Amino acid sequence: MSMDALVRFYETLTPADVDRFPEFYADDAWFKDPFNEVTGVAAIQNIFSHMFRQVGEPRFVVDERIVSADGAMLVWRFHFRIRPWCGEPLTLRGVSHLKFDADG
């Protein structure tokens with residue numbers, strides 16, 4: 001997997017793309033954010049499917065990446081609306097720490 005492909009995946013993520021998570025994550029991948037802590041690609045897919053049901057116009061923009069042989073850090077912005085039908089657009093800033101397995 002290339003970092004460019006992963007960034008492109010997140011920056012263009014749609015509900016239909018949630019099925020593509022196995023292309024980027026190991027079966028036993030671990031995911032943690034302030035609201036969730038899960039293991040397994042199916043559980044990660046559920047988090048993103050839920051995101052698409054709960055917020056309007058979700059979109060990630062990766063501003064910076066720091067890549068090493070065994071991992072990476074992505075600095076990103078998450079743009080969304082509280083509900084699909086109302087509210088001013090909001091932006092959350094975050095950082096993801098990725099660890100690569102032997103397959104990358």
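This is a predicted model: local features need pLDDT of at least 70, side-chain atom pairs count only at pLDDT 80 or more; totals for chains, interfaces and linings use all residues.
Trainee: What is the nearest side chain of opposite charge to Asp17, and how far away is it?
Mentor: That side chain is Arg20, 4.2 Å away. A salt bridge requires the nitrogen and the carboxyl oxygen to be within 4 Å, and Asp17, although buried, has none.

Trainee: Changing topic, how many aromatic pairs does the structure hold?
Mentor: The structure holds 13 aromatic pairs. In one of them, the ring centres of Phe60 and Trp76 are 5.7 Å apart and the planes stand at 80°, so this pair is edge-to-face.

Trainee: Where in the chain are those two residues?
Mentor: Phe60 is in strand 3 (residues 56-67) and Trp76 in strand 4, 16 residues apart, so the pair links distant parts of the chain. Both belong to one aromatic cluster, whose members also include Phe9, Phe31 and Phe78.

Trainee: Is Phe60 buried or exposed?
Mentor: Phe60 is buried, its relative accessible area being 12%.

Trainee: And where is His79?
Mentor: His79 is placed in strand 4 (residues 71-81). With a relative accessible area of 15%, His79 is buried.

Trainee: Which side chain does His79 join through a polar contact?
Mentor: The partner is Thr91, at 2.9 Å. Not counting residues up to four places away in sequence, His79 touches several others, among them Glu57, Arg59 and Leu90.

Note on methods: Residues are numbered from 1 along each chain as its sequence is written. Side-chain values use heavy atoms; hydrogens and water are left out. Helices (H or I, at least four residues) and strands (E, at least two) are DSSP runs, numbered from the N terminus. Buried means under 20% relative accessible area, exposed over 50%, partly exposed in between (1.4 Å probe, protein chains only). A polar contact is a pair of N or O atoms within 3.5 Å; within protein, one must be able to donate a hydrogen and the other to accept it, and residues adjacent in sequence count only if both atoms are side-chain atoms. Contact means heavy atoms within 4.5 Å. Rings of Phe, Tyr and Trp (its six-membered ring) pair if their centres lie within 6.5 Å; planes under 30 degrees apart count as stacked, over 60 as edge-to-face and the rest as tilted. Lys and Arg count as positive and Asp and Glu as negative; His and the chain ends are not counted.
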